[in-house]
Amino acid sequence: MNVLLTGGLGFIGGHTAISLSRIGHSVYIYDSLINSDKTSIEILNQICDNEIFCQIGDILDTKSLTRFIESNKIDTVIHFAALKSPFESISNPSIYFNNNISGTISLIRAMENNKINSLIFSSSASVYGPPEYNPMDEKHPENPINPYGKSKLLSEKILKDLAKFQDWKIIILRYFNPIGAHKSRIFGEFANEKSNNLLPYLYRVAKGDFEFLSIYGNNFDTGDGTGIRDYIDVMDVADGHIKSLEYMFNNDNYKKDNASIFNLGTGTGVSVLEMIELFEQVTGIEIKYKFEDRRQGDVGICIADPSKAMEYLNWKSKITTEESINNGWNFFKNNC
Ligand code: NAD
Ligand code: UFG
């Protein structure tokens, strides 16, 4: 199929492009470069046997996106393009709502202009908000606490209504904490000063950019007091999209309305201190750290129940956290 990846030059979109190309799909990327770099096109084309096509453009530009879909005879869309920092979204809500919600609406209109109606959407565990129980299944109440999470939930609701009233095929994937990198060592997460996730920060400490890692909170109700998350390898996340495409197009059980939301996580949690220990074991590099106050809005534990993805998509995570750390670090130390 001809698959359009909005935001396909980013961390998760780029890895999904590699997986799609490997199994013979033609990949077309549309990306504004707001959080990526043009050089990623060449890197992706070095890794992939089949050429990946890319146009630089903003999904808010409905006319240009309409033309791109038309001229490349796109069959289906995976929608990654979004701004993704919960913390930045608190100081810039309107920018997040415009990019993430208006961007999604613009994409829908461009697809309608071309009479295509199937889409896989990158959503996030942040739509759940503070966990009422762990692991969280897809029935967990949705109560996002920042504009980023709200932008994802509102986009989900718009897409679900298209499935309900307009016969669209929609699959919503809620990622937990993607980490790792492709084993080629040349494509991964190009961390910048806006990256405030744990692994990019840890890598920068290991590389000597910072003297120590700030651990945000040591008094959560967890075994060692530090935050626990469900870290999932990015190639496993990419595979979740492949399985979703198969389910959407090749499985008679696909019900556009009621079986369309899936958690992508491992089902197990790792604390910040455990992650430091694993990193030290894998790389042999000692990480200095300091405890600091909790970040605003951080929760103690956030773990996926991924059993629905297993049941419907025949998907589960395969890559160990150690392997992810190894691949992520090998990429980071050579490229960032
Ligand atoms: P990323 O920032 O690396 O990639 C997003 C890409 O989208 C970037 O290349 C950026 O330039 C592009 N983009 C953003 N706005 C655009 C616009 N208006 N028009 C065209 N391109 C635009 O992020 P990622 O980690 O690859 O995340 C991909 C998706 O997954 C996002 O929707 C994000 O919200 C979601 N998600 C990510 C995580 C995570 O921890 N990485 C967790 C849950 C959900
Ligand atoms: N942490 C530190 N020090 C750091 C960075 C993080 O101690 O320098 C801790 C956090 O307090 C948390 C854990 O490491 O306990 C993980 O933090 P991340 O920032 O890596 O990830 P979050 O779980 O806070 O958020 C991520 C994405 C969100 C997404 C969410 C759920 O950044 O976009 O997972 O999918 F919504």
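The model is predicted, so local features need pLDDT of at least 70 and side-chain atom pairs count only at pLDDT 80 or more, while totals for chains, interfaces and linings use all residues. Residues are numbered from 1 along each chain as its sequence is written, chains are lettered from A and ligands numbered from 1 in the order in which they are written, and side-chain values use heavy atoms, with hydrogens and water left out. The structure holds eight salt bridges. Ligand 1 is surrounded by 27 residues, and ligand 2 by 23.

**Ligand 1**

- Asp31, Asn35, Ser36, Tyr148 and Lys152 are the closest of the residues around ligand 1; a residue is near a molecule if one of its heavy atoms lies within 4 Å of it.
- An N or O atom in the side chain of Asp31 is 2.6 Å from an oxygen atom of ligand 1, and a polar side-chain atom of Ser36 lies 2.7 Å from an oxygen atom of the ligand.
- Phe80 comes within 2.8 Å of a ligand 1 oxygen atom through a backbone N or O atom.
- On its own ligand 1 has 830 Å² of accessible area, of which the protein covers 96%; such areas come from the Shrake-Rupley method with a 1.4 Å probe.
- Helix H1 (11-22), strand S5 (118-124) and H6 each give at least two residues to the shell around ligand 1; helices (H or I, at least four residues) and strands (E, at least two) are DSSP runs, numbered from the N terminus.
- S5 supplies the largest share of that shell, three residues.
- By type, the shell around ligand 1 holds 13 nonpolar, ten polar and four charged residues; Ala, Val, Leu, Ile, Met, Phe, Trp, Tyr, Cys and Pro count as nonpolar, Asp, Glu, Lys and Arg as charged, and the others, Gly among them, as polar.

**Ligand 2**

- Polar side-chain atoms lie 2.6 Å from a ligand 2 oxygen atom in Arg229, 2.7 Å in Asn197 and 3.0 Å in Asn177.
- The protein covers 91% of the 690 Å² of accessible area that ligand 2 has on its own.
- Helix H7 (198-207) and strand S8 (213-216) are the elements that give two or more residues to the shell around ligand 2, and the largest share, four residues, comes from S8.
- Twelve nonpolar, seven polar and four charged residues make up this shell.

**Salt bridges**

- Glu156 and Arg174 form a salt bridge, with their closest N and O atoms 2.7 Å apart; the term means a side-chain nitrogen of Lys or Arg within 4 Å of a carboxyl oxygen of Asp or Glu.
- Glu156 lies in helix H6 (residues 147-166) and Arg174 in strand S6 (residues 169-175), so their pairing ties together parts 18 residues apart in sequence.
- Both Glu156 and Arg174 are buried, where buried means under 20% relative accessible area, exposed over 50% and partly exposed in between (1.4 Å probe, protein chains only).
- Glu142, Glu156 and Arg174 are linked in a network of salt bridges.
- Asp239 and Lys318 meet in a salt bridge at 3.9 Å, N to O.
- This pair links distant parts of the chain, 79 residues apart: Asp239 in helix H8 (residues 234-250) and Lys318 in the loop between helix H10 (307-313) and helix H11 (321-335).
- Asp239 is buried at 16% relative accessible area, whereas Lys318 is exposed at 61%.

Definitions and conventions
Polar contact = N/O pair within 3.5 Å; in protein donor to acceptor, adjacent residues only side chain to side chain.
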